[in-house]
Amino acid sequence: SVSQNLFGISLNLNTLKYRLEHGSEQVEEILEQLREMVTEIQTEMRLMIYELQPAALTEKGFFEAVEDMVGLFRRRYRLEINYHCSGEEDQLDGKRQLVLYRVLQEALNNVVRHAGTDKVKISMEIVDGHGELTVRDEGKGFNLTELSDERHLGVRGMRERVNESGGEFRIESAPNQGTTINVWV
């Protein structure tokens with residue numbers, strides 16, 4: 001469906017160019033179709049990416065893969081990350097490891113895009129075959145009542161991934177109070 005949508009966008013862009021050159025009133029309609037197609041592609045791509053197993057998890061241990069990701073965010077985005085992990089990674093099955101890895105990745109992406117801070121605290125603990133992850137930023141936060149699945153696909157994706165694994169997902173935030181994501185799987 002991604003390929004079909006990209007082809008459709010290409011056709012619509014050609015049509016749009018023709019319509020603009022010849023003064024057509026159908027420009028708004030074409031633009032709306034393009035917006036819908038791009039949104040659909042973004043959703044499809046996000047779902048496909050979420051399903052991929054990161055190479056780091058198969059090539060390295062879980063904690064090492066997480067530490068590498070944290071290091072990448074530190075370097076690339078100059079985040080000041082306080083990271084602590086404990087427990088035995090071997091007690092956590094691959095499915096739960098993937099959930100925690102992807103949630104952490106999305107949480108850090110959200111800090112970069114939305115939080116307006118460079119300070120993040122991450123805590124991960126593995127006990128009795130379960131993992132708990134807490135990601136806390138000191139950013140601008142937001143009003144939870146304004147959280148919508150349509151506008152916040154990242155939060156929706158994290159919640160769905162955790163729920164599918166039988167875990168629990170909580171998010172706490174308020175304007176000027178930062179955001180905390182807590183996951184148990």
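In what order do the elements of the chain run from the N terminus on? I read them off as α-α-α-α-β-α-β-β-α-β-β.

**Entry 1: ground rules.** I am working with a predicted model, where local features need pLDDT of at least 70, side-chain atom pairs count only at pLDDT 80 or more, and totals for chains, interfaces and linings use all residues. Residues are numbered from 1 along each chain as its sequence is written, and side-chain values use heavy atoms, with hydrogens and water left out.

**Entry 2: the overall count.** I counted 6 helices and 5 strands; these are DSSP runs numbered from the N terminus, H or I of at least four residues for helices and E of at least two for strands. Of the 185 residues in the chain, 39% are buried (under 20% relative accessible area with a 1.4 Å probe, protein chains only; exposed is over 50%, partly exposed in between). I also looked up contacts (heavy atoms within 4.5 Å): among those between residues at least 6 apart in sequence, 65% join residues at least 24 apart.

**Entry 3: the sheet.** I traced an open sheet of 5 strands with mixed pairing, in the order β1-β2-β3-β5-β4 (two strands pair if DSSP finds at least two bridges between them). Its edge strands, β1 (80-87) and β4 (168-173), each pair on one side only. Neighbouring strands are turned by 5° against each other on average, direction ignored; axes here are lines fitted to C-alpha atoms, for helices over the stretch in contact, and angles run from 0 to 180 degrees between N-to-C directions.

Entry 4: β1 pairs with β2 (residues 119-127) in the parallel sense, over 8 bridges. I found Ser86 standing opposite Glu125 in β2. Helix α4 (residues 62-77) lies across β1 and β2 and runs at about 175° to β1. Helix α5 (residues 94-115) packs on the sheet too, touching β1, β2, β3 (130-137) and β5 (179-184), and its direction makes about 5° with that of β3.

**Entry 5: a closer look at α5.** Its 22 residues reach 30 Å from first C-alpha to last, close to the 32 Å expected at 1.5 Å a residue (1.5 Å times one less than the number of residues). What caps the N-terminal end of α5? I found Asp93 there, with a side-chain oxygen 3.0 Å from the backbone nitrogen of Lys95. After α5 comes Gly116, whose phi is positive, near 70°.

**Entry 6: aromatic pairs.** My count comes to 2 aromatic pairs (Phe, Tyr or Trp rings, the six-membered one for Trp, with centres within 6.5 Å; planes under 30 degrees apart are stacked, over 60 edge-to-face, the rest tilted). Phe62 and Phe63 form a tilted pair, 5.8 Å centre to centre with 40° between the planes, and both residues are buried. The rings of Phe73 and Tyr77 have centres 5.5 Å apart and planes at 35°, so this pair is tilted. Both lie in α4, 4 residues apart, about one turn of the helix. Is Phe73 buried or exposed? Phe73 has a relative accessible area of 5%, so I list Phe73 as buried; Tyr77, at 35%, counts as partly exposed.

Entry 7: β4 and β5 run antiparallel, joined by 6 bridges, and I noted Arg170 opposite Asn182 in β5. The two strands form a hairpin with 5 residues between them, and Asn176 in the turn has a positive phi of about 65°. On β4, Phe169, Ile171 and Ser173 make up the covered face, while Glu168, Arg170 and Glu172 make up the uncovered one.

Notes:
Polar contact = N/O pair within 3.5 Å; in protein donor to acceptor, adjacent residues only side chain to side chain.
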